[in-house]
Amino acid sequence: MDEILAATKHVNELLKESREYKRFVFARNALRANADLYRQLKEMKDRYKDVQIYWEGNPYDEIYRICQEHDELLHNSVVNEYLRAESALSRLIRMMVDTVVEGFHIDFE
């Protein structure tokens with residue numbers, strides 16, 4: 001188990017050295033430098049997440065409405081760069097997790 005944890009820590013360090021993570025940190029810092037933009041995006045993302053979690057049925061219309069209400073925010077260059085960097089980092093992490101669990105099938109039958 002110690003080998004697995006050591007390897008995991010190494011992967012964590014590699015991730016922190018990746019282009020995707022560095023781009024994300026840069027974009028996050030730029031966003032946080034503008035408190036109003038940061039607050040607006042946080043509020044929008046909180047509403048978006050609530051719809052995804054608590055909405056009964058198909059949330060498409062409500063998510064579309066949220067995006068329409070925040071169209072100007074979403075087209076702000078600082079916000080847009082942050083969202084693109086966040087998406088790229090999330091994609092990389094998902095690929096890493098998928099690779100780690102590849103071939104594992106745990107059934108409770």
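**Entry 1**

I started with Phe104, which sits in the segment after α6 (77–101). Helices here are DSSP runs of H or I with at least four residues, numbered from the N terminus. I note that this is a predicted model, in which local features need pLDDT of at least 70 and side-chain atom pairs count only at pLDDT 80 or more, while totals for chains, interfaces and linings use all residues. Residues are numbered from 1 along each chain as its sequence is written, and side-chain values use heavy atoms, with hydrogens and water left out.

I looked up the accessibility of Phe104: at a relative accessible area of 59% it is exposed. The cut-offs are under 20% for buried, over 50% for exposed and partly exposed in between, with a 1.4 Å probe and protein chains only. Together with Ile93, Val97, Val100 and Val101, Phe104 makes a nonpolar surface patch of about 470 Å². A patch of this kind takes residues with over 30% relative accessible area and no salt bridge, and joins nonpolar side chains (Val, Leu, Ile, Met, Phe, Trp, Tyr) within 5 Å. The areas come from the Shrake-Rupley method with a 1.4 Å probe.

**Entry 2: α6 itself**

I checked the length of α6. Its 25 residues should span 36 Å at 1.5 Å a residue, and its end C-alpha atoms are 36 Å apart, which agrees. The expected span is 1.5 Å times one less than the number of residues.

I then listed the buried residues of α6, which are Val79, Tyr82, Ala85, Ala88, Leu89 and Leu92. They pack against α1 (2–16), α2, α3 and α5.

**Entry 3: the core**

Which residues have the most contacts inside the largest nonpolar core? I found Leu31, Leu41, Val79 and Tyr82, in a core of 17 residues. Such a core is a set of buried Ala, Val, Leu, Ile, Met, Phe, Trp, Tyr and Cys residues joined through side-chain atoms within 4.5 Å. At least two of the core residues come from each of α2 (19–32), α3 (35–54), α4 (60–69), α5 (71–74) and α6. The most, five residues, come from α6.

Setting aside neighbours within four places in sequence, Leu41 is in contact (heavy atoms within 4.5 Å) with Leu31, Leu73, Val79, Tyr82 and Leu83.

**Entry 4: His70**

I looked at the loop between α4 and α5, where His70 lies. His70 is buried, at 16% relative accessible area. Beyond its neighbours within four places in sequence, His70 is in contact with Met44 and Arg47.

**Entry 5: salt bridges**

I count a salt bridge when a side-chain nitrogen of Lys or Arg is within 4 Å of a carboxyl oxygen of Asp or Glu. The structure holds ten. One joins Arg23 and Glu81, at 2.7 Å from N to O. Arg23 is in α2 and Glu81 in α6, so this pair ties together parts that are 58 residues apart in sequence. Arg23 is partly exposed at 33%, and Glu81 is partly exposed at 31%.

Within α3, Arg39 has two partners to record. Asp36 pairs with Arg39 at 2.5 Å between the closest N and O atoms, and Glu43 pairs with Arg39 at 3.2 Å. Asp36 is three residues from Arg39, about one turn of the helix. Glu43 is four residues from Arg39, also about one helical turn. An α-helix has 3.6 residues a turn, so residues three or four places apart point the same way.

Last, I noted a network of salt bridges linking Arg47, Glu62, Arg65 and Glu69.

How values were computed: Patch = residues over 30% accessible without salt bridge, like charges linked within 9 Å, V, L, I, M, F, W, Y side chains within 5 Å.
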